[in-house]
Amino acid sequence: MTRLRRLRAGSIHKAGFMAVAAALTLSGCVSLGTKPPDELLRLTPAETAPAGTVASGQLTEAIVVLDPEADRGLDVLRVPVTVDASSVSYLKDALWIEKPTRQFRSLLAETLRSRTGKLVVEGGDFEVTGRTLIGGRLIQMGYDAQRGAVVVRFDAMRTERGSNPIQSRRFEAVVEGVEPKAKPVGAALNQAANDVARQVADWVKG
């Protein structure tokens, strides 16, 4: 090989290397992932305090709604599908806009404001001052494939400071005949979550 050919071969090799390096750099800046989900799901309260409503009082007398606990399989942005007693999958093309535990807390707080007319706050530092603490564990919030239904199940815990001991009660709502698709499942989850929130609010009010 002549000296000129060796120089040309070296230039071609260097150019190819630079092209590969540029492609790798570009791939780090440009997302080439899968398409976004068809539906971003959220919980919206069916009952809200009317505009202009004022609830005032001492924080020591407030109702405090805490973040519910949940298993790792539920406390994620994907919607769980119970396949059978030992298998869980996730609903295709659907994601929560925010973790369901946090969304359920906000929905429950707004329902309590509407139904009780009392000062209601959510979590944070208010946990040390509120009179009535509402917490618990979100047991299920997803789709049951065997029943063709959406199920929301919540074990509520109620603590009244300085008086009664802790009270616990299980609440559940089921919406039957739901297609295993993002849009109908999302609507049914919102319906069931509101049903459970109303049950809890009536329990607290009573």
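In the predicted model, the side chains of Asp71 and Arg137 meet in a salt bridge, with N and O 2.5 Å apart; a salt bridge is defined as a side-chain nitrogen of Lys or Arg within 4 Å of a carboxyl oxygen of Asp or Glu. This pair joins distant parts of the chain, 66 residues apart: Asp71 lies in the loop between β2 and β3, and Arg137 in strand β6. Strands (E, at least two residues) and helices (H or I, at least four) are DSSP runs numbered from the N terminus. Asp71 is partly exposed, at 46% relative accessible area, and Arg137 is likewise partly exposed, at 29%; buried denotes under 20%, exposed over 50%, and partly exposed the range in between (1.4 Å probe, protein chains only).

Arg137 also forms a salt bridge with Glu69, the closest N and O atoms being 3.1 Å apart. Glu69 lies in the loop between β2 and β3 and Arg137 in strand β6 (residues 132-144), so this contact ties together parts 68 residues apart in sequence.

A salt bridge between Asp67 and Arg105 has its closest N and O atoms 3.2 Å apart. Because Asp67 is in the loop between β2 (63-65) and β3 (78-84) and Arg105 in helix α2 (residues 100-116), the pair ties together parts 38 residues apart in sequence. Asp67 is partly exposed, at 34% relative accessibility, whereas Arg105 is buried, at 12%. Both belong to a salt-bridge network that links Asp67, Arg102, Arg105, Glu110, Arg113 and Glu122. The whole structure contains 15 salt bridges.

Residues are numbered from 1 along each chain as its sequence is written, and side-chain values use heavy atoms, without hydrogens and water. As the model is predicted, local features need pLDDT of at least 70 and side-chain atom pairs count only at pLDDT 80 or more, while totals for chains, interfaces and linings use all residues.
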